[in-house]
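Please read the sequence and look over the model shown here before going on to the report. The text takes up a few places in the chain, one after another.

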Amino acid sequence: MRKPIIAGNWKMNKTPAEAVELVKGLIPLVKDAKCDVVVCPTAVCLPAVAEVIKGTNIKLGAQNVHFAEKGAYTGELSADMLKAVGCEYVIVGHSERRQYFGETDKTVNLRATAAVKAGLTAIICVGEMKDERVDGYTDIIVAYQTKMALKGLTAEELNHVVIAYEPVWAIGTGLTATDEQANETIGVIRKAIAEVYGDDVAQKVRIQYGGSMKGSNVKGLMAQPEIDGGLIGGASLKAEDFAQVVNF
Ligand code: PGA
């Protein structure tokens, strides 16, 4: 049985003071959660949030990681730096990074590899654009992105990988994939993993859905057999909203 994992991707929102306020509100609301609970604030908020969640069931994640251990990479953060401020998770290859910051399947693979080798769990995002779905290429795209992202990782290392299936057209748009669409595409991703690592390994990998997931649609999505949780953007920015998703 795969334990569900619900992660909040706060994106470029909240100052450290606001982040602390949000997570303080969240702690009592999710303390009995049956799933793993992760919050991913901006890098400047990580230390403050880490302090507040000490001793709670909320885990800390970052939104990106660089693949080098250190060096001349202005503006980047290494996996060891993220670990040093209390991160256990890091989002890799979010579609916004792919769209706006030139992230490619190759750099996603490098970042995911660096994260996993350093002992972080990488939440690797994959997903098709609107026209790719309309043209019937969803399955090919997500299978390819998944295999490329995992390239070189061992079966053992897949214990430290979570995949987030996020159809790009559903992110921040209010549009959600139907329960069945999300389930079916996550099944495709699992099959792609099985093709490389075998079915036993693939059955253990947790695959989230992301894209306008919220209190009102979480139950239907989570009732699907392939969906192991969610990566939540907009609905993670208010404690009550995120708690509704976590306590599905
Ligand atoms: P959304 O974002 O929930 O606001 O659609 C999800 C994500 O981008 O991870």
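The report below turns to the ligand site, then to a loop residue, a helix and some salt bridges.

This is a predicted model, in which local features need pLDDT of at least 70 and side-chain atom pairs count only at pLDDT 80 or more, while totals for chains, interfaces and linings use all residues. Residues are numbered from 1 along each chain as its sequence is written, and side-chain values use heavy atoms, with hydrogens and water left out.

**The ligand site**

| Residue | Atom in the residue | Distance to a ligand oxygen atom |
|---|---|---|
| H94 | side-chain N or O | 2.6 Å |
| S212 | backbone N or O | 2.7 Å |
| G233 | polar backbone atom | 2.8 Å |

On its own the ligand has 290 Å² of accessible area, and the protein covers 95% of it; such areas come from the Shrake-Rupley method with a 1.4 Å probe.

H94 sits in the loop between β4 (89–92) and α4 (95–100), where helices (H or I, at least four residues) and strands (E, at least two) are DSSP runs, numbered from the N terminus. Is H94 buried or exposed? H94 counts as buried because its relative accessibility is 4%, and buried means under 20% relative accessible area, exposed over 50%, and partly exposed in between (1.4 Å probe, protein chains only). Apart from its neighbours within four places in sequence, H94 is in contact (heavy atoms within 4.5 Å) with N9, K11, C125, E166 and I171.

**A loop residue, T176**

T176 belongs to the loop between β6 (161–165) and α8 (179–197), and T176 is partly exposed, since its relative accessible area is 24%. When residues up to four places away in sequence are not counted, T176 touches W169, A170, Y209, G211, S212, N217 and L221. Y209 is 33 residues from T176 along the chain, and the C-alpha atoms of the two are separated by 9.8 Å.

**Helix α2**

In helix α2 (residues 46–53), the residues L46, V49, A50, V52 and I53 are buried. They lie on the same side of α2, because they cover an arc of only 165 degrees around the axis, the arc being that of the directions from the helix axis to the C-beta atoms. The buried residues of α2 pack against α1 (16–30), β2 (36–40), β3 (58–62) and α3 (79–84). Just after α2 comes G55, which takes a positive phi of about 80 degrees.

**Salt bridges**

Side chains of opposite charge can pair when their charged atoms come close. With a salt bridge taken as a side-chain nitrogen of Lys or Arg within 4 Å of a carboxyl oxygen of Asp or Glu, the count comes to 17 salt bridges. One of them joins the side chains of D228 and R2, at 2.8 Å from N to O. This pair links distant parts of the chain, 226 residues apart, with D228 in the loop between α10 (218–222) and β8 (229–232) and R2 in the segment before β1 (5–9).

Key. Polar contact = N/O pair within 3.5 Å; in protein donor to acceptor, adjacent residues only side chain to side chain.
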